[in-house]
Amino acid sequence: MNNKEIFNKCSEFHGHKCPGLAIGVRASIEAKRILGIGFSEDEEVVCVTENDACGVDGIQVVLGCSAGKGNLIFRIRGKQAFSFFNRKTGQSVRLILKELPKTESREEKQNYILEAPFDDVFTQMKPNYELPEKARLFQSVDCEICGESTAEPYVRLDNGKKVCLDCFKEYHRV
Ligand SMILES: [Zn+2]
Ligand SMILES: [Zn+2]
């Protein structure tokens, strides 16, 4: 499949075609090339996304990095940047979108992102953060106020009671 065909497939999942989706699709295609990776059936490929915009859906479809598998991690900085890690080889790459030509329509912009030479679309560098640890499994604790079961890292102590974040009253003086 060429970039346009991959993009069309992703737009079925995303719901519409937009330049934002094109950014995530192109970044995923380039990450595959640079890291020698394919679709991630388990957690072997990890994406750290620095935004929560349309492009993230392209990454889920092309690379199989998904919220549910724990290999799609949001590190939101409002930047059009994504880092990709190959757990098997330890290789990684961070791609950040370059400034796009200004005068073009949405569709022209979308096509530019998909088809312009790689160096015109992204700056390639090393991620300035480490590969996140694998998704862990945690014990569950029943909240002593609402009774709902909660994974341990999300439990707080409130007057000696184990409570969930919904029942916990934040202490904000510090
Ligand atoms: Zn969109
Ligand atoms: Zn609760």
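Me: Donors here are N, O and S atoms within 2.8 Å of the metal (3.2 Å for Na, K and Ca); water is not among the atoms, so sites may look incomplete. Which protein donors does the zinc ion (ligand 1) have?

Reply: His14 (NE2), His16 (NE2), Cys18 (SG) and Cys54 (SG). They lie 2.0 to 2.4 Å from the zinc ion. This is a predicted model: local features need pLDDT of at least 70, side-chain atom pairs pLDDT 80 or more, while totals for chains, interfaces and linings use all residues. Residues count from 1 along each chain as written, chains are lettered from A and ligands numbered from 1 in written order, and side-chain values use heavy atoms, without hydrogens or water.

Me: What spacing do the zinc donors follow along the chain?

Reply: H-x1-H-x1-C-x35-C.

Me: And histidine 14, buried or exposed?

Reply: Histidine 14 is buried, at 15% relative accessible area. Buried means under 20%, exposed over 50%, partly exposed in between (1.4 Å probe, protein chains only). Histidine 16 has 41% relative accessibility, so it counts as partly exposed.

Me: How many bridges join strand 3 to strand 4?

Reply: Five, and strand 3 and strand 4 run antiparallel. Phenylalanine 82 faces leucine 95 of strand 4 there.

Me: What about the hairpin of strand 3 and strand 4?

Reply: It has five residues between the strands. Glycine 90 takes a positive phi near 80° in that hairpin.

Me: How many bridges does strand 1 share with strand 3?

Reply: Five again, in the antiparallel sense. Valine 46 has phenylalanine 85 of strand 3 as its bridge partner.

Me: How many residues of strand 3 are buried?

Reply: Six of its six residues, so strand 3 is mostly covered. Ala81, Ser83 and Phe85 point one way from the strand. Phe82, Phe84 and Asn86 point the other way, and all are buried.

Me: And strand 4 with strand 5, over how many bridges?

Reply: Four, with strand 4 (residues 92-97) antiparallel to strand 5. Leucine 97 sits opposite phenylalanine 122 of strand 5.

Me: Last one. Where do the domains run?

Reply: Domain 1 covers 3-125 and domain 2 covers 137-174. Those bounds come from an automatic or database domain assignment. The domain 1 and domain 2 centres, taken over C-alpha atoms, are 36 Å apart.

Conventions
Pairing = 2+ DSSP bridges. Helix = DSSP H or I, 4+ residues; strand = E, 2+ residues; numbered from the N terminus.
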